[in-house]
Amino acid sequence: MNYNELAELLFPNVTLTPEDLEERYPPRNLPEGAKVVRFAPSPTGYVHFGGIYQAVVDYMLASQSGGVFSLRIEDTDSQREVDGAVEALVRTLAQYGIEYDEGVILNEDGSIGERGAYGPYKQSQRTELYAVYAKKLVSEGKAYPGFATEEELEAIQETDKKAEIKNTDWSVAAEQKRAAMLAGREFTMDEVKAHLAAGNPFVIRILADGDQEKKIKFTDMVKGVLELPENDEDFVLLKSDGVPTYHFAHAVDDHLMRTTHVIRGEDWLPSLPKHIQLFRYLGFRMPKYLHTAQILKIDENGNKKKISKRDRGAKMDDYAEMGYCTDVVWEYLLTLLNSNYEEWRMANPDVHYRNYPFSIKNMSVSGCLFDFDKLNDVSRNVISRMTADQVYTQVLDWAKIYDPEFAVLLAEKPDYAKEILAIGRGGKKPRKDITVWSGVKEYMSFFYDNLFERGDYPEGFPSEDIKRALAEFAAVYNPDDDNTTWFARLKAIAGDIGYAPEMKLWKQSPESYRGNVGDISMFVRVAITGRQNSPDLHDVMRILGEKRVRERLASAIAAL
RNA sequence: GGCCCGUUGGUCAAGAGGUUAAGACACCGCCCUUUCACGGCGGUAACAGGAGUUCGAUUCUCCUACGGGUCACCA
């Protein structure tokens, strides 16, 4: 077989050579140690947590090494492509401040554009590049055309289909597959000509020379030394529409873009042998690889599963909706990504997380469970460090989109809202009441008459006690009291009705009292705020104002 | 089923031959206290199992078990 003739037959219009492309995309002129990375998602829908997880690694490695970070869109599967996915992706990246140097961007008018000298950055626009290398491989006898249709292949491998995977007899399927592959390798030039003359579509397959039984040692920067079987599968390089498969595009693009480090999920590990073979066939130097651990969840059977679409926390939009600020997500991501991040954070409470010295060796090897408790803890801490103004602004931004009525309420009296949000804020031990923006309404609802609801008093106290305490308090309440004076009144009331006015007394002999001053303040709290948990009561009353305090006391007494 | 990866408390994890096996979250208790919180102190709780190497294995090797991933003209 004359492979050059075959290559010309298959790719008559390809005139560029690999050498031309080497010139078009020259090696990057970067300082020693600079990492060239790329985030390469496929635009198949929502932006997910795992994607951002990887993008953060890309960002940290590139920015901290003085390297280059590009955004490449892997849109080689038109079937699965979703409208607007690229835009959503770019927006989400921007929202999180994950800046990249090159790649697909959004123009001012909202259309999709790009920047950088190594483009195009959408794979669908790079087909002429892939053809150059496909032609080269064919001309070297390392790849060949396959004219079998999908239906024919499916018929041969009758059971090897994802939907039926559970019922598949794997040993049979593997044999059928192997046979089909070998059969596909046998063809004559005349057959090819006949197919082409008939206009039959074809794919380009690699001619695998590996042996499944032989192992290759490969070092992954996260996983360490791996032992993989050689590739013996004639996988598809170019689909019948001329669009490359992931494998081929990966090799060609990452070579031409001069990628030094490939960061991707560990679900790619099984196809690594394919990539090793491709890079060797193509004569490309392999980049370093970081196969990151997966984020898992517990499914309904109690097993760990890859986190996916339906799961809370999978879509990045979920975080926005629940009201987690982007800094919180970043910090949580960093705690998952690098085992010593929290330690660093405690030692450097005021340093921006972008300055955290990210290290590959601290990346986790095994998958981890998504943990909302932890996320919430990070969130409470981050928010507790904010000023009331910052909180107000962010809550308002959130509410405008997700709770317009609440946004109106907040915007009506900004100073009032800020005053509320300022309670217990600042100082060394700020309160940590707020976890997510979506919880703020509930947190401050009792400050708004139309949202105020009366809840239960603590159990175990006769309502006469409560009623009497409230009545006495209503009688002596003076809005001009300072904190100490105000509380002294509560102590006096406690004494009047047989409750310990001092905690110490209560501790000494709880049996001598009906309760303590803390209980009295709780009665007042419930009367005024409607709940048992609220920020500092004196501050609350000050902000509510005399009129409303009196109203609420009166209605509370009446309700008892 | 083949292949690959993984397995330290409920969760995230440090430790890389000799440690009382860190820390964080969650949970519990105590303290502080103007409630609830915050904070402080403390507690419960772990090296999947079995062989081997070794004076000594959580740490090295092998096997088993379990979990995960993957086996497309999807990425």
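Which residue forms a salt bridge with Asp449? In this predicted model, the partner is Arg552. The closest N and O atoms of the two side chains are 2.7 Å apart. Asp449 sits in the loop between α18 and α19, whereas Arg552 belongs to helix α24 (residues 546-559). The pair therefore ties together parts that are 103 residues apart in sequence. Arg552 has a relative accessible area of 4%. Arg552 is buried, because that value falls under 20%.

Asn450 is exposed, with a relative accessible area of 61%. That assignment follows because exposed means over 50%. Asn450 was also placed relative to Glu19. The two residues are 431 residues apart in sequence. In space, Asn450 and Glu19 are 73 Å apart, C-alpha to C-alpha.

A search of the whole structure returned 35 salt bridges. One of the pairs is formed by Asp254 and Arg72, whose side chains meet at 3.0 Å, N to O. This pair links distant parts of the chain, 182 residues apart. Asp254 lies in helix α9 (residues 246-256). Arg72 lies in the loop between β2 (68-71) and α4 (85-95). Asp254 and Arg72 are both buried. Asp254 and Arg72 also take part in a network of salt bridges.

Glu342 and Lys374 form another salt bridge, at 2.7 Å, N to O. Here too, distant parts of the chain are linked. Glu342 is in helix α13 (residues 341-347), and Lys374 is in helix α14 (residues 372-384). The two residues are 32 residues apart. Glu342 is partly exposed, with a relative accessible area of 34%. Lys374 is likewise partly exposed, at 26%. Both residues fall in this class because their values lie between 20% and 50%.

Terms used: Residues are numbered from 1 along each chain as its sequence is written. Chains are lettered from A and ligands numbered from 1 in the order in which they are written. This is a predicted model: local features need pLDDT of at least 70, side-chain atom pairs count only at pLDDT 80 or more; totals for chains, interfaces and linings use all residues. Side-chain values use heavy atoms; hydrogens and water are left out. Buried means under 20% relative accessible area, exposed over 50%, partly exposed in between (1.4 Å probe, protein chains only). A salt bridge is a side-chain nitrogen of Lys or Arg within 4 Å of a carboxyl oxygen of Asp or Glu. Helices (H or I, at least four residues) and strands (E, at least two) are DSSP runs, numbered from the N terminus.
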